[in-house]
Amino acid sequence: MKYQILNNGLKIPIIGFGTARLQGRECFKTLSNALECGYRLIDSAQMYKNHKDIAKALKESKIPRDELFIESKISQNLNYLQTKDQILRILEELDLEYLDLLLIHEPYKNSLYMYDAMQEAFENKLIKSLGVSNFNENFLLEFMQKVVIKPVLNQCETHLLYQQKSLHKALQKHDILLQSWSPFIANKNEIFNHPILLDMAKKYLKTPAQIILNFLYKRDILLIPKSSNLQKMKQNLQIFDFELENKDLQKLIDLDQNKSFFGWYE
Ligand SMILES: NC(=O)c1ccc[n+]([C@@H]2O[C@H](COP(=O)([O-])OP(=O)(O)OC[C@H]3O[C@@H](n4cnc5c(N)ncnc54)[C@H](OP(=O)(O)O)[C@@H]3O)[C@@H](O)[C@H]2O)c1
């Protein structure tokens, strides 16, 4: 696994495993396969209602805790005390002593109060790194002026058709990483059948999915693709052994439509 360094000096796997819409036995089985394949970063959220299933898979994997990177999100507007309780609940559900990363799922009215509780949990060593998700540039810049601990990353919809160029540039300026959610647009828009990707897949002897992930990785974007299929899970990890030519990179850059396909930023 390759790693990136966060602005607090800790390392984060470049590719992690997304668990949205995975619950119960399916979540346990899929995650067990993912851990077996080599995934070490697991992305979850309060909203996904799968912490207990994840805990079970982590326990059965017997992978040492310090080799894992477990991230989750608080998915509702809470006050300071409710957030403190929620952090303890997440830890209890995941059966962990600490989280590697906790995010605020989207900009909430109480985001600053929520972050206060997260900063306190950081001081108490319950969370190693703090971050945000779906924060646009203006909201994030204002937010950063009022918090003590800088977020390490912003997890946002980022894919070939929505490359987040402006947000990414702003994040880079502040040493905050961009973590892409739905790198495959959740299989919408016939993305895997795009003629440019099919041509490149032939040329580089890779799959369209691997071309997409390699492209985002080369642009310093962290990835959390989801797959329930063992072969595709493995495929999504094998993206570091080829280099796209500049003219191909440019063709992919030009596919950007600079618009959300899920409506978070409208
Ligand atoms: N912060 C947020 O607001 C937010 C929002 C959305 C998602 N997320 C996170 O981001 C993660 C990833 O996003 P996502 O689950 O929405 O979608 P995604 O990773 O963009 O796409 C998943 C889809 O792509 C297919 N797929 C995966 N690998 C493939 C491959 N190599 N070849 C062909 N098809 C492939 C999967 O099918 P199979 O399963 O059949 O392989 C599935 O239908 C989520 O699971 C979640 O952890 C965060």
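## A buried strand and its surroundings

All six of the six residues of strand 5 (residues 69–74) are buried, so this strand is largely enclosed by the rest of the structure. Buried here means under 20% relative accessible area, exposed means over 50%, and partly exposed lies in between (1.4 Å probe, protein chains only). Strands (E, at least two residues) and helices (H or I, at least four) are DSSP runs, numbered from the N terminus.

A word on the model: it is predicted, so local features need pLDDT of at least 70 and side-chain atom pairs count only at pLDDT 80 or more, while totals for chains, interfaces and linings use all residues. Residues are numbered from 1 along each chain as its sequence is written, and side-chain values use heavy atoms, with hydrogens and water left out.

**Strand 5 and the sheet**

In a regular strand the side chains alternate between the two faces of the sheet. Strand 5 is covered on both faces: Phe-69, Glu-71 and Lys-73 are buried on one side, and Ile-70, Ser-72 and Ile-74 are buried on the other.

Two strands pair if DSSP finds at least two bridges between them.

On one side, strand 4 (residues 41–43) runs parallel to strand 5 over three bridges. Asp-43 has Glu-71 of strand 5 as its bridge partner. To get from strand 4 to strand 5, the chain passes through helix 2 (residues 51–61), and this β-α-β crossover is right-handed. Right-handed means that, with the strands pointing away from the viewer, the path from the first strand over the helix to the second runs clockwise.

Strand 5 also pairs in the parallel sense with strand 6 (residues 99–104), over four bridges. Here Lys-73 stands opposite Leu-103 of strand 6. The chain goes from strand 5 through helix 3 (residues 80–94) to strand 6, in a β-α-β crossover that is right-handed.

Strand 9 and strand 10 run parallel and are joined by three bridges. Leu-178 stands opposite Ile-221 in strand 10.

**Rings and charges**

A search of the whole structure finds eight aromatic pairs. One of them is Tyr-115 with Phe-143, an edge-to-face pair at 4.9 Å centre to centre with 80° between the planes. This pair links distant parts of the chain, with Tyr-115 in helix 4 (residues 111–123) and Phe-143 in helix 5 (residues 137–145), 28 residues apart. Rings of Phe, Tyr and Trp (its six-membered ring) pair if their centres lie within 6.5 Å; planes under 30 degrees apart count as stacked, over 60 as edge-to-face and the rest as tilted. Both Tyr-115 and Phe-143 are buried. Ring pairs also link Tyr-115, Phe-135, Phe-139 and Phe-143 into a cluster.

Charges meet rings too. The charged end of Lys-56 sits over the ring of Phe-28, 4.6 Å from its centre, and Arg-65 lies over the face of Tyr-98, 3.9 Å from the ring centre. A charge sits over a ring if NZ of Lys or CZ of Arg is within 6 Å of the ring centre and within 35 degrees of the ring normal.

**Two asparagines in loops**

Asn-134 has a phi near 60°, a positive value in a residue other than glycine. Asn-134 lies in the loop between strand 7 (127–133) and helix 5, and it counts as buried because its relative accessibility is 4%. Asn-189 also has a phi near 60°. Its place is the loop between strand 9 (177–181) and helix 7 (195–204), where Asn-189 is partly exposed with a relative accessible area of 46%.

**Around the ligand**

Of the 30 residues around the ligand, Asp-43, Gln-155, Ser-182, Ser-227 and Ser-228 come nearest. A residue is near a molecule if one of its heavy atoms lies within 4 Å of it.

| Residue and its N or O atom | Ligand atom | Distance |
|---|---|---|
| Ala-186, backbone | oxygen | 3.0 Å |
| Lys-226, backbone | oxygen | 3.0 Å |
| Asn-236, side chain | nitrogen | 2.9 Å |

A polar contact is a pair of N or O atoms within 3.5 Å; within protein, one must be able to donate a hydrogen and the other to accept it, and residues adjacent in sequence count only if both atoms are side-chain atoms.
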